[in-house]
Each structure stands twice: as C-alpha cells, then as structure tokens.
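I opened a notebook page for a structure I had not looked at before. The entries below follow the order in which I looked things up.

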Amino acid sequence: MGKTIKLISGDGEMFEVEEAVAFQSNIIKSLADEDNADDCIPLPRVDSQILSKVLEFCRKHANSPSVHTKFAAIPSELCPKHDGSAAGASSSESSSAHSETCRACYDAVMKLVQWDLEFVKVDLDLIHHLLKAANYLDIEDLMFMAVEGAANAIRGNNPEEIRKLFDLENDFTPEEEKEILKEYSWLDDPFEP
Amino acid sequence: MARLVCNVRESEGRENNTDRRRDMVFVSSPSLSHLSSNMLKAIVEEELDRHWDEMQADCLINIFRRLALGDLAVAVPFVCKSWYRASLDPSCWCRLNFRSFDFTPWSPFSCAFALRYHLHSPLSFSAFLCFSLHRSRGVVDQLTFPLSSAVSIHNLAYASVKCPRLKALALPDNLMLEDDLRIPELVRRWKDLEHLEMETKPSSFLEAVAEIGHNCPRFVGLKVRGLIGREDAKALARCLPELKHLELSKSYLTKDELLVVIGGCRKLETLTVKDCLRFQADDEILKLVSCIERFEHEGSTLLDDYGYEIDESEQQTGFFHR
C-alpha cells in the first residue's frame with residue numbers, strides 16, 4: 001500500500017485507505033493537504049455504513065479517469081428505459097479525452113459504467129444517503145451515479161408509484177391542482193406560428 | 001425509552017403527520033424494546049434524516065435533468081409541490097429529445113398527457129413542442145425532432161425563434177420539398193450551432209452547408225446520410241474546414257468524394273463512414289486518415305449485396321437502402 005489516509009466516521013469507526021481512494025473526495029484531498037494534517041480526518045456527518053459504501057465506490061474509481069462528468073451521455077444510453085439523445089452525443093468536450101479514441105480504454109470505461117449502474121440499484125434510502133455524502137465530500141462521480149440511481153427510480157412510474165418509492169406525501173390541495181392545470185389550458189389550441 | 005423517542009422528536013421540531021405515525025410505530029413496536037437508548041436514538045435520527053421532501057431544489061433539478069421528457073411532463077410535476085416547483089426550472093428542459101415518443105393521436109403517451117393535463121383532445125406534437133419550449137424559457141441547447149411523423153416547417157420555424165442558443169440539432173426526416181428548401185434560412189438563426197444531424201440529406205444541402213459555414217463559427221459536428229456527390233463533398237471541404245466530427249454512414253459515397261472531404265477538412269478528429277456503398281478503405285485512404293483519431297469504415301464496400309457494381313442510372317436516383 002502506498003501512503004494511506006485515516007478517516008473517522010460519525011459513529012467513531014476508523015477506515016484506513018490509500019490516498020488515491022480517499023482523494024476521490026475533493027474535501028478529503030484539501031483537508032489532507034493542510035500542513036497540520038496528522039492524516040486522521042474526522043467525518044462527523046457520515047456514518048460508518050455509508051462511508052464504507054462510499055469507499056467501495058472510490059476504490060473502484062481510484063485509477064480511472066473521471067468517467068461521468070466527461071461522458072454525460074453514456075449512462076442514459078445504457079439505461080433500458082431511456083433513449084440517449086441523438087444529437088450532440090459526441091460533444092466536443094469529450095472528444096479530447098483519450099478513452100474516447102483508444103478502444104481498450106473505451107471498453108474499460110464502459111465496464112466501469114456498468115458496475116456503477118449496478119452499484120446504485122439499491123433502495124432509495126441508501127441513494128439519499130449516498131447523495132448527501134457525495135455532496136458533503138464532493139465526490140463528482142458518486143454524485144453523478146447517485147443522481148442516476150434516483151432518476152432510475154422515477155423513470156416510467158406514475159406519481160402515485162413515485163410517492164411510494166420516495167416516501168412523499170401528496171401535498172397539493174384540489175384547488176392548487178386546478179390552478180396548475182388552468183395554466184395549460186392553451187394546449188387544447190396550441191399556437192401554430 | 002418511549003420518552004427518549006419523544007424528546008428527540010421535539011428537539012427536531014418536526015410536525016407533519018408522517019412523523020407522528022412513525023412515532024407511534026417506534027413506541028409500540030415490541031421488536032425494539034430490547035435496544036439500548038443510544039441505538040434507538042440513532043435509528044430515530046436515521047429516520048428523520050431520510051426524507052426526500054427535504055431534498056434541496058438544486059439536487060432535485062440535478063435528478064430531473066436526467067429524465068426523459070415524458071417523465072418530466074407527466075409524472076414528476078404531480079408528485080408533490082416541491083417537485084412541481086423544481087420541475088419548472090428551465091435547466092430541466094434544456095435537452096429536448098422527442099425521438100422516443102409516439103405522437104400518433106391515440107398513443108399511450110398522447111392520451112396520458114391529455115389525461116394528466118385535463119385536455120379535451122389527445123396531445124399533438126406541436127402542442128408538446130410548445131409546452132416544452134415554454135418550460136425551457138429559451139435555454140434549449142439540444143433539440144432532437146422525431147422521425148417519420150408529421151413535423152411541419154412551422155415547428156422548425158417556431159423552434160428557431162424559441163431556441164436562439166441551440167447547440168445541437170437533429171432534423172426530422174420527411175419534410176416536404178418546399179419545407180426542405182427553407183432549412184438554410186432557419187439554420188441561419190442558430191448562430192451557436194455546434195452539431196447538426198440530418199437523417200436524410202435534404203435538397204437544400206449545399207445551401208445549408210454554406211449557411212453553416214457563414215453563420216455558425218462554433219460548428220464542429222455533422223451527420224448526414226444520402227448520396228454524397230462531388231458538389232456535396234466540395235461544399236463540405238470549402239465551407240466547413242474546421243469540422244471535427246463527420247458521420248456519413250449508410251451513404252452512397254465514392255473514394256473520390258471521400259478524398260475531397262479529407263483533403264479539405266483537415267481538423268477532423270472522428271470520421272465515420274460505416275456501411276457505405278461505392279468505396280472501400282484501401283491503403284491510400286488509410287494512409288490519409290492516419291492523422292484522424294478515429295476512422296470507422298466497417299461495412300463499407302464497393303459492391304452492393306448482389307455483387308454487382310451500381311450503374312450510372314442508379315447513381316442518379318440518390319436512393320440507397322440497406
């Protein structure tokens with residue numbers, strides 16, 4: 001193992017991981033860079049169950065290029081319920097990334113994306129925690145995949161089903177619903193320029 | 001233990017009905033009676049912490065941006081008020097892909113939309129386009145029109161007005177000839193255009209390419225399918241020398257035309273000419289494309305499926321079916 005970083009979860013458990021793994025988090029990276037670092041970083045807002053899931057993700061991504069912020073189109077194309085956008089799929093910003101052009105790298109990236117999609121096929125409680133942790137620790141790829149996991153739970157479902165999955169209440173009053181629908185009555189006679 | 005649960009709740013100040021129901025579950029559940037007070041407190045705090053309705057608008061918008069338009073229009077706004085408000089954010093509506101929808105009058109989607117919005121007739125493509133562009137408030141950067149359905153030139157014209165900052169466009173494929181001729185004039189309005197996709201090559205192709213060359217300084221990617229003749233190749237080379245991505249798959253394209261394009265578009269990073277007819281990648285071509293990062297030519301052959309070379313009369317029709 002190379003240089004390691006010690007992390008302390010909110011409930012007091014210690015995790016020792018390689019720098020490359022921990023530094024997926026921009027927050028941990030900047031905390032570790034400070035001069036007074038005794039390489040033991042407390043993370044009071046992340047408990048051990050979530051932190052261990054986060055580190056599992058980081059371990060997998062430790063030696064890969066940041067896939068999701070550069071390949072925004074790819075996860076949607078793989079999702080069976082969603083058509084990837086046809087236009088602009090190979091945008092100029094991704095063309096310069098090596099993995100777009102090198103077949104071996106491209107395949108490795110696709111494999112990683114598949115792993116990520118499986119990783120977020122979990123219940124929404126866990127996704128909620130992962131989202132908060134990814135936000136708190138500033139881990140771009142985890143944020144991207146947690147958002148994808150939440151979006152997946154919405155796709156193809158009607159509002160009642162979505163409410164059940166996300167444990168939400170329908171807080172519309174009938175009057176409020178009527179007001180919203182009134183705004184769209186023009187759809188019956190759409191403007192044809 | 002029961003008192004501990006109540007104290008924790010009070011200190012959090014939560015009032016809604018869901019929490020009260022949960023309180024009662026905790027207090028009365030026999031399976032929890034063996035837990036220590038600390039563990040119980042941890043469970044309660046976990047419960048308080050997991051509410052999606054507390055999710056900040058930014059995060060919700062992030063999630064909604066990943067959704068297809070159908071989910072965004074018909075399901076998400078009707079879940080609860082915070083979701084409705086977040087769904088109105090224009091950034092959820094900046095990538096409009098209409099290609100996966102069935103807009104025939106009695107399709108499940110048209111009917112579901114009409115039901116949800118209490119319309120008196122099924123939804124038309126025009127209406128849904130207007131709805132989406134209204135929500136986008138001018139920030140659309142990707143627009144993909146549906147194929148093989150009745151998209152009129154009015155829809156295109158409307159989009160050219162409502163999406164001034166469009167970056168990527170995929171045109172519909174069965175415009176009538178007189179509408180097809182208006183494409184160059186519309187393209188002129190999209191000065192930020194970077195990518196254009198044409199499922200079939202329009203009659204106004206030469207004029208369209210010229211307009212892009214004149215008016216779209218950031219243009220980098222083109223996809224078109226059809227008969228790529230000498231004039232077409234010369235137009236690409238002359239008008240789009242900064243082109244980075246070109247896809248001509250499933251086209252009718254000879255080696256001469258390909259060489260004209262490669263010779264003029266010196267900044268190409270990707271060139272995709274798969275399943276084309278009338279050229280095969282020989283050594284000369286492969287040498288010339290060696291500076292292009294990605295060159296894909298699988299399936300392209302000189303001959304048609306029956307092993308005959310296409311004769312001149314077939315060349316004139318411009319049809320190419322695979």
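**Entry 1: helix 3 of chain A**

I started with burial in helix 3 of chain A, where A:Ser48, A:Ile50, A:Leu51, A:Val54, A:Leu55, A:Phe57, A:Cys58 and A:His61 are buried. I noted that this is a predicted model, and I kept that in mind for every entry.

Next I checked the length of helix 3 of chain A, which runs over residues 48-61. Its 14 residues should span 20 Å at 1.5 Å a residue, and the end C-alpha atoms are 20 Å apart, so the two values agree.

I then looked at the start of helix 3 of chain A. A side-chain oxygen of A:Asp47 comes to within 3.2 Å of the backbone nitrogen of A:Gln49 there.

I looked up A:Ser25 and placed it in the loop between helix 1 (19-22) and helix 2 (26-33) of chain A. Is A:Ser25 buried or exposed? Its relative accessible area is 1%, so A:Ser25 is buried.

I listed two backbone atoms that the side chain of A:Ser25 reaches. One is the backbone nitrogen of A:Ile28, at 3.0 Å. Another is the backbone oxygen of A:Leu137, at 2.6 Å.

With neighbours within four places in sequence left aside, A:Ser25 is in contact with A:Leu137, A:Asp138 and A:Ile139. I followed this list to A:Asp138, which is in the loop between helix 9 (124-137) and helix 10 of chain A. A:Asp138 has a relative accessible area of 32%, so I wrote it down as partly exposed.

I also read the backbone angle of A:Asp138: phi is near 55°, a positive value in a residue other than glycine. I noted for reference that most residues other than glycine have a negative phi.

**Entry 2: helices 10 and 11 of chain A**

Which residues make the contact? Helix 10 of chain A supplies A:Ala150, A:Ala153 and A:Ile154, and helix 11 of chain A supplies A:Ile162, A:Leu165 and A:Phe166. I sorted the residues of this contact by class and got 6 nonpolar, no polar and no charged.

**Entry 3: chain B as a whole**

I turned to chain B and its 16 helices and 8 strands. Chain B has 322 residues, and buried residues make up 51% of them. Of the contacts in chain B with a separation of 6 or more, 68% are between residues 24 or more positions apart.

**Entry 4: helix 8 of chain B**

Helix 8 of chain B covers residues 125-136. It has 12 residues and reaches 16 Å from its first C-alpha to its last, close to the 16 Å expected at 1.5 Å a residue.

How many residues of helix 8 of chain B are buried? I found 11 of its 12 residues buried, and the helix is mostly covered. Among the buried residues are B:Phe125, B:Phe128, B:Phe131 and B:Arg135.

I looked up what covers them. The cover includes helix 5 (69-74), helix 6 (81-87), strand 1 (95-97), helix 7 (108-116) and helix 9 (153-162) of chain B. After helix 8 of chain B comes B:Arg137, whose phi is positive, near 50°.

**Entry 5: helices 13 and 14 of chain B**

I looked at a helix pair in chain B as well. Helix 13 (residues 230-239) and helix 14 (residues 255-264) of chain B pack at an angle of about 10°, with their axes 8 Å apart. That makes helix 13 of chain B roughly parallel to helix 14 of chain B.

In helix 13 of chain B, B:Arg230, B:Ala233, B:Lys234, B:Leu236 and B:Ala237 meet B:Asp256, B:Glu257, B:Val260, B:Val261 and B:Gly264 of helix 14 of chain B. By class I have 5 nonpolar, 1 polar and 4 charged residues in this contact.

B:Asp232 is also in helix 13 of chain B. It counts as buried because its relative accessibility is 8%. Leaving aside neighbours within four places in sequence, I found B:Asp232 in contact with B:Lys201, B:Phe205, B:Leu206 and B:Leu227.

B:Lys250 is partly exposed, with a relative accessible area of 37%.

Terms used
Residues are numbered from 1 along each chain as its sequence is written. Chains are lettered from A and ligands numbered from 1 in the order in which they are written. This is a predicted model: local features need pLDDT of at least 70, side-chain atom pairs count only at pLDDT 80 or more; totals for chains, interfaces and linings use all residues. Side-chain values use heavy atoms; hydrogens and water are left out. Contact means heavy atoms within 4.5 Å. Helices (H or I, at least four residues) and strands (E, at least two) are DSSP runs, numbered from the N terminus. Ala, Val, Leu, Ile, Met, Phe, Trp, Tyr, Cys and Pro count as nonpolar, Asp, Glu, Lys and Arg as charged, and the others, Gly among them, as polar. The expected span of a helix is 1.5 Å times one less than its number of residues. Buried means under 20% relative accessible area, exposed over 50%, partly exposed in between (1.4 Å probe, protein chains only). A polar contact is a pair of N or O atoms within 3.5 Å; within protein, one must be able to donate a hydrogen and the other to accept it, and residues adjacent in sequence count only if both atoms are side-chain atoms. Axes are lines fitted to C-alpha atoms, for helices over the stretch in contact, and angles run from 0 to 180 degrees between N-to-C directions. Angles under 35 degrees count as roughly parallel, over 145 as roughly antiparallel, 65 to 115 as roughly perpendicular and the rest as oblique.
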